[in-house]
Amino acid sequence: MTDTPVTDCLVVGGGPAGLTAAIYLGRYRRQVVVVDKGNSRASLIPLSHNFAGFPRGIGGTELLARLREQVLNCRVDIINGEVTQLRREGEHFIATVGNGHEAIIEARTVLLATGIIDRKPEIENWKEAVAKATLRFCPVCDAFEAIDRNVAMYSPTPSRVRHALFMRDYTDRLTLFCHIPDVPLQEHERRELDEAGIRVVESPIAEITLTEELAPVIRLQDGTTHQFDMLYPMMGDIAHSELGTLMGAKCTEDRELITDTRQRTSIPGLYAAGDVVDALNQVNVAIGHAAIAATDIHRYLREQDRSQ
């Protein structure tokens with residue numbers, strides 16, 4: 001064990017899930033430390049109209065700033081850094097934090113709110129395109145804003161047809177780029193896409209660029225080019241679950257953590273919330289996870305105290 005003070009809960013990740021959990025735990029009068037690497041996926045949201053309570057929308061950075069201010073009002077410590085190692089020693093967790101120098105945090109419980117990162121094609125200035133909403137990653141979040149626009153979907157994944165059919169509900173000007181050399185479209189898939197009026201391009205892509213106005217341009221290997229109002233690269237994502245999986249926490253094939261209805265992982269005292277969990281990747285869902293997890297953490301700690 002270490003000689004550092006023991007905190008009730010270490011929250012790893014400063015996105016909507018981690019910050020909401022910290023607010024709840026702080027209001028439960030728990031000792032909480034949040035370690036935030038500062039790269040929440042939510043920070044890329046230009047303006048979300050999918051988050052309840054903001055009828056004119058709210059940007060990701062503003063939402064995070066509001067949550068962070070509320071966390072500090074609850075007397076919760078926030079450390080800017082990265083948890084590089086997490087292990088179990090006895091009944092406690094030991095976390096190594098790197099933020100220019102290494103520090104150790106000992107905690108009775110841990111909540112992983114480490115999120116995911118979207119796989120994306122190599123595009124210069126992609127962040128500027130995201131800010132202008134010409135490059136988007138989540139049709140569930142923002143397809144409503146794409147109604148009747150000229151939209152390209154780049155989805156070289158087995159779920160390409162499902163993604164395209166979802167997007168078709170919002171625009172009849174939809175082109176699906178879905179070249180997978182070893183997995184050609186099946187006839188029933190072609191028929192389903194054709195009946196939906198979705199244009200399909202199976203030729204390989206040479207590059208994706210942006211115009212001066214940040215409109216996406218797709219150039220195929222045959223030399224033809226196609227310009228669109230918006231581009232959705234649906235290439236899957238990478239879950240930042242390694243802190244849990246290296247300890248033996250159960251996960252899906254996509255490395256997303258598996259939790260029960262109380263956000264408990266397969267390791268006692270280790271919880272998970274938000275996009276890193278096998279669930280719908282939405283801010284509203286992440287906040288719900290956080291409320292459930294924080295409340296169960298509080299109960300878990302009370303039960304531990306009673307048993308001592």
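**Strands, a helix pair and some cysteines**

Author: Four bridges join strand β8, residues 151-154, to β14, and the two strands run parallel. This is a predicted model.

Reader: Which residue stands opposite Met 153 in β14?

Author: Tyr 232 in β14 stands opposite Met 153.

Reader: And what sheet do β8 and β14 belong to?

Author: They belong to an open sheet of four strands, in the order β10-β9-β8-β14, with parallel pairing. Its edge strands are β10, residues 199-201, and β14, residues 230-233, each of which pairs on one side only. From one strand to the next the twist averages 20 degrees.

Reader: Which strands does helix α5 lie across?

Author: Helix α5, residues 160-168, lies across β8, β9 and β14. Its direction is at about 170 degrees to β9, which covers residues 174-177.

Reader: Different sheet now. What is the order of the open sheet of three strands?

Author: The order is β11-β12-β13, and the pairing is antiparallel. Here the edge strands are β11 and β13, the latter being residues 225-227, and each pairs on one side only. The twist averages 20 degrees from one strand to the next.

Reader: How many bridges join β11 to β12?

Author: Five bridges join β11, residues 205-210, to β12, residues 216-220. Three bridges join β12 to β13.

Reader: What stands opposite Ile 218?

Author: Ile 208 stands opposite Ile 218 of β12. In β13, His 226 stands opposite Ile 218.

Reader: What about the hairpin of β11 and β12, which residue has a positive phi there?

Author: Leu 214 takes a positive phi near 70 degrees. The hairpin has five residues between the strands.

Reader: On to helices. At what angle do α1 and α8 pack?

Author: Helix α1, residues 16-27, and helix α8, residues 283-307, pack at an angle of about 35 degrees. Their axes are 8 Å apart.

Reader: Is that crossing left-handed or right-handed?

Author: The crossing of α1 and α8 is right-handed.

Reader: Which residues meet there?

Author: From α1 there are Pro 16, Ala 17, Thr 20, Ala 21, Tyr 24 and Leu 25. They meet Val 283, Ala 286, Ile 287, Ala 290, Ala 291, Ala 294, Thr 295, Ile 297 and His 298 in α8.

Reader: How many of those are nonpolar, polar or charged?

Author: The contact of α1 with α8 has twelve nonpolar residues, three polar residues and no charged residues.

Reader: Cysteines next. How many disulfides does the count come to?

Author: The count comes to one disulfide. It joins Cys 138 to Cys 141, with an S to S distance of 2.5 Å.

Reader: Why is the disulfide of Cys 138 and Cys 141 called right-handed?

Author: The torsion about its S-S bond is about 75 degrees, so the disulfide of Cys 138 and Cys 141 is right-handed.

Reader: Where does Glu 256 lie?

Author: Glu 256 lies in the loop between α7, residues 242-245, and β16, residues 270-272.

Reader: Buried or exposed, that Glu 256?

Author: Glu 256 is buried, with a relative accessible area of 9%.

Reader: What does Glu 256 touch?

Author: Leaving out residues up to four places away in sequence, Glu 256 touches Asp 237, Ala 239, Cys 251, Asp 275, Val 276, Val 277, Asp 278 and Asn 281.

Reader: What separates the C-alpha atoms of Glu 256 and Arg 27?

Author: The two C-alpha atoms are separated by 29 Å, and the residues are 229 apart along the chain.

Reader: Last one. Where is Ser 241 found, and what does it touch?

Author: Ser 241 is found in the loop between β15, residues 237-239, and α7. Not counting residues up to four places away in sequence, Ser 241 touches Arg 255, Leu 257 and Val 276. Ser 241 is buried, with a relative accessible area of 2%.

Key: Residues numbered from 1 in each chain as written. Predicted model: local features only at pLDDT ≥ 70, side-chain atom pairs only at ≥ 80, totals over all residues. Heavy atoms only, no water. Pairing = 2+ DSSP bridges. Axes fitted to C-alpha atoms, helices over the stretch in contact; angles between N-to-C directions. Left-handed = near helix turned anticlockwise from the far one by under 90°. Contact = heavy atoms within 4.5 Å. Nonpolar A, V, L, I, M, F, W, Y, C, P; charged D, E, K, R; others polar. Disulfide = S-S within 2.5 Å. Buried < 20%, exposed > 50% of the residue type's maximum accessible area, 1.4 Å probe, protein only.
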